[in-house]
Structures are given as C-alpha cells and as structure tokens.
Amino acid sequence: MYSEDDINSAVASGALSAEAAQSFRNHMSQVRALPRGSEENFRLINSFNDIFVSIGVVILLLAVGAIGIAIAGAIIPVGDYFTLLDTNPSEADLRAWRETSDLQQALQISLAGALVAAASWPLAEFFTGKRRMALPSILLLLAFVGGVFAVILGIGVGFVENGNERLGAIAISISALVAAGAAWLHWRRFMVPITVAAGAAAVAATVIALIAAGLGPDLIQENIMLGLVFVAGLAVFAVAMRWDMSDRGRTTRRSDVAFWLHLLAAPLIAHPVFAALGVTDGSNIGIGSAVSVLAIYVVFGLVALAVDRRAMLVSALAYVLAALTFLFDRFGAVELNFALTALVIGSALLSLSAFWMPIRRAVVSALPADLQAKLPSTEYAEAIAAPAQSS
C-alpha cells in the first residue's frame with residue numbers, strides 16, 4: 001500500500017510526474033466512487049515485516065524497562081512487608097518502610113522511563129529515519145514521549161503517595177510539559193504524523209494538571225475534570241481543523257497529522273458529554289438520557305460528515321450501543337436486545353458508509369458558503385485537485 005506521502009515523494013524525486021500522480025488519484029477516486037481523501041487513508045502497516053519489527057521493538061523496550069526497574073530496586077532495596085510484620089514492627093518502622101517503598105517506586109518509574117526513551121531514539125533513527133516503517137515508527141514515538149513523561153512522573157507519584165496531591169499534580173504537569181517538548185523534538189527529526197497528536201495530548205494534560213493543582217484536591221470534582229477534558233477536546237479538534245483546512249485535498253502529510261488529532265479529540269469530546277448523561281453508570285441511565293444519547297450521536301454524525309472525518313462516530317459508538325440496549329430492554333425486547341441493537345447500529349453504519357458522499361453533499365450544501373470553502377470538497381475532481389505539499 002502506498003500513501004499520499006509516498007506518491008508525493010515519488011513526484012519530488014522525479015520517479016513519477018505530477019500529471020501521472022494526479023491521474024492515479026483520479027482513477028482511484030472513480031474506481032472506488034469516493035475521493036481518496038474521504039477514505040481517510042493512513043499508513044499503519046506497510047507489510048508483515050512491520051508487525052515482525054514491532055514485536056521485536058515491544059519486547060526490547062519491555063526488557064529495557066524491566067532492567068531499569070531492577071536497577072532501581074538494587075539502588076533502593078525494600079524488605080518484604082510480611083517479613084517485617086513478623087517482627088512486630090512499631091508505627092515508626094511501618095512508616096519508614098512505606099516511605100522507602102514509595103521512593104523505590106518513584107525511582108523505578110523514572111529510571112525505566114529514562115532507559116526506554118534512551119533506547120527508542122536510536123531505534124527510530126533506523127526504523128523511522130531510514131526504513132520509514134509505519135507501525136514501528138508509531139510505537140517508537142509513543143515509547144520516547146511516554147518514557148520522557150515517566151522520568152518526571154515518578155517524582156509526582158512520590159508526592160502523591162506521601163499525601164501531597166497538590167505537589168503531585170504540579171509534578172505531573174511538568175512531566176507532561178516536558179513530554180510535549182520531547183514530542184516537538186521528535187517531530188523536528190522524524191515528522192511522524194502521530195507526533196503532533198502526542199504533543200497535543202501532553203499539552204492538554206499539562207493545562208488540566210495545573211488547573212487541578214491550583215484548585216486543590218478539596219475543590220476538584222468529577223464534573224469539573226470532565227468539563228476540563230471536554231474543553232481540551234474542543235481545543236484539539238480546532239487544531240485538527242487547522243491542519244485539515246491547510247490540505248483540503250488530503251494529499252500531504254498534513255492530512256495524516258489531522259487524522260491523529262481528530263482521533264485524539266473525539267474521545268475527549270464524547271466521553272464527558274455522555275458521562276454527564278449518566279451513560280457510563282448504567283444504573284443512572286433513563287429513557288430521557290438514552291434518547292439524548294441518540295440525538296447527540298446524530299449531531300456527531302452531522303459534524304463528522306461536514307468535516308469528512310469518522311473518528312467522532314467511532315468514539316461515541318459504545319455509548320450508543322449502551323443506550324439502544326437499554327431502550328430495547330425497557331420496551332420488552334429483553335431476549336433480542338443485543339441482536340436488535342447490533343442490527344440497528346450495523347445497518348446504520350453500513351448505510352452511512354455506502355452513501356457517505358451523497359449524504360455529505362447534502363450536509364455541506366446546507367452550510368454557509370465561506371465555511372464550505374474551508375472544508376474538503378464534495379466533488380471527486382475538486383476533492384483531489386489541491387497541489388501536493390511537502391508537509
């Protein structure tokens with residue numbers, strides 16, 4: 001499978017003319033009756049070798065992390081808790097054991113993260129920089145950013161374990177900010193499309209953690225945190241749209257970056273909305289909430305059609321399944337509730353997929369003209385006519 005990035009690279013190197021590349025895009029759009037951009041192409045696996053290498057990467061990084069944990073255990077040894085209990089320890093002894101155990105845990109997280117991050121970069125130099133392998137590149141990016149995040153996260157865990165949740169939240173925010181910097185550095189070197197989404201997630205975590213630290217544990221409630229997550233989701237969605245609008249034809253790496261940003265934004269938006277309706281707690285759901293879930297899912301569907309991205313539909317699917325199951329159960333179809341739910345959802349999704357372009361054309365045509373000009377075109381020829389860019 002060849003991505004748009006591969007086609008653009010072939011054009012840039014002279015191996016393929018721009019006219020031939022455009023003709024290929026036109027041909028594939030006509031064959032599939034769908035513009036290539038509307039298929040939301042993203043490269044996850046080039047060949048089975050990607051899977052083979054990914055397995056090796058995961059095993060190696062797990063081993064490196066385990067070595068870091070073992071080294072931390074040797075630096076700060078902690079005796080067995082049950083052996084300590086057999087000695088009839090005093091309260092001071094138990095407190096000292098807990099403090100040592102917390103310190104060891106913090107060092108384990110930090111040292112394991114540092115070693116994983118250190119190992120991920122040279123592996124990325126080969127498998128991402130030279131071999132341009134898709135799945136290993138994603139795993140190595142996540143391992144590098146996650147490892148950097150863990151380096152300082154261990155300190156935050158130590159604060160939280162010691163009961164200082166405010167300092168713990170500050171440490172977590174700092175670790176997320178450093179992770180965002182690591183994602184930026186990785187992007188400058190390798191330009192893996194998912195990197196921008198990883199950086200956006202780190203920035204969102206930084207802001208949320210700082211707000212949590214400012215409010216303090218006494219004022220932080222679940223609805224406040226859900227509200228912060230929802231606002232973060234809207235912000236990430238706005239960033240995704242900026243990337244999307246810079247490549248309406250979806251022929252460059254910018255479209256791949258936008259794909260991962262939409263994939264991040266969708267659950268951040270969907271979960272707080274449906275959690276507020278009580279869907280995440282099955283005992284609180286009622287007929288009104290279930291109907292509201294279906295109505296919101298329709299709104300999500302209209303947004304997905306307008307921006308030509310399906311991530312929001314997929315992220316909200318589990319909540320819709322729960323709502324429909326409840327409705328069928330409430331109205332007497334107890335034995336068939338799962339079958340009926342699957343039938344309705346499956347039929348709706350397949351119908352939407354089959355008639356995506358006609359339905360999308362109707363939705364987009366109802367929008368203001370200036371907004372239509374910023375969205376991907378609903379016509380095959382126009383949707384692929386945007387000139388290719390390097391990034």
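These are my notebook entries on a predicted model of one protein chain.

**Entry 1: the overall build.** I started by listing the secondary structure. I found 17 helices in the protein chain and zero strands. Next I looked up burial: of the 391 residues, 43% count as buried. For the surface, I noted that the chain exposes about 19600 Å².

**Entry 2: contacts along the sequence.** I took the contacts between residues at least 6 apart in sequence. Of these, 70% join residues at least 24 apart.

**Entry 3: helix α3.** I picked out α3, which covers residues 48–75 and has 28 residues. From its first C-alpha to its last I noted 41 Å, close to the 40 Å expected at 1.5 Å a residue. Which residues of α3 are buried? I wrote down a list that includes the glycines Gly65, Gly68 and Gly73.

**Entry 4: the largest pocket.** I then turned to the largest pocket, with a volume of about 260 Å³. How many residues line the largest pocket? I noted 14, and Tyr297, Val298, Ile345, Ala348 and Leu349 lie nearest its centre.

Which helix gives the most to this lining? That is α11, with six residues. Helices α11 (287–307), α13 (317–330) and α14 (337–354) each supply at least two residues of the lining.

Last, I sorted the lining by residue type. I wrote down 13 nonpolar residues, one polar and no charged.

Note on methods. Residues are numbered from 1 along each chain as its sequence is written. This is a predicted model: local features need pLDDT of at least 70, side-chain atom pairs count only at pLDDT 80 or more; totals for chains, interfaces and linings use all residues. Side-chain values use heavy atoms; hydrogens and water are left out. Helices (H or I, at least four residues) and strands (E, at least two) are DSSP runs, numbered from the N terminus. Buried means under 20% relative accessible area, exposed over 50%, partly exposed in between (1.4 Å probe, protein chains only). Contact means heavy atoms within 4.5 Å. Accessible areas come from the Shrake-Rupley method with a 1.4 Å probe; for residues, only the protein chains shown count as cover. On a 1 Å grid over the protein atoms alone, a cavity is a set of points where a 1.4 Å probe fits but cannot get out, and a pocket is an open set with protein on both sides within 12 Å along at least five of seven lines; lining residues have an atom within 4 Å of a point. Grid points are joined across faces, edges and corners, and a volume is the space filled by probe spheres set on the points. Ala, Val, Leu, Ile, Met, Phe, Trp, Tyr, Cys and Pro count as nonpolar, Asp, Glu, Lys and Arg as charged, and the others, Gly among them, as polar. The expected span of a helix is 1.5 Å times one less than its number of residues.
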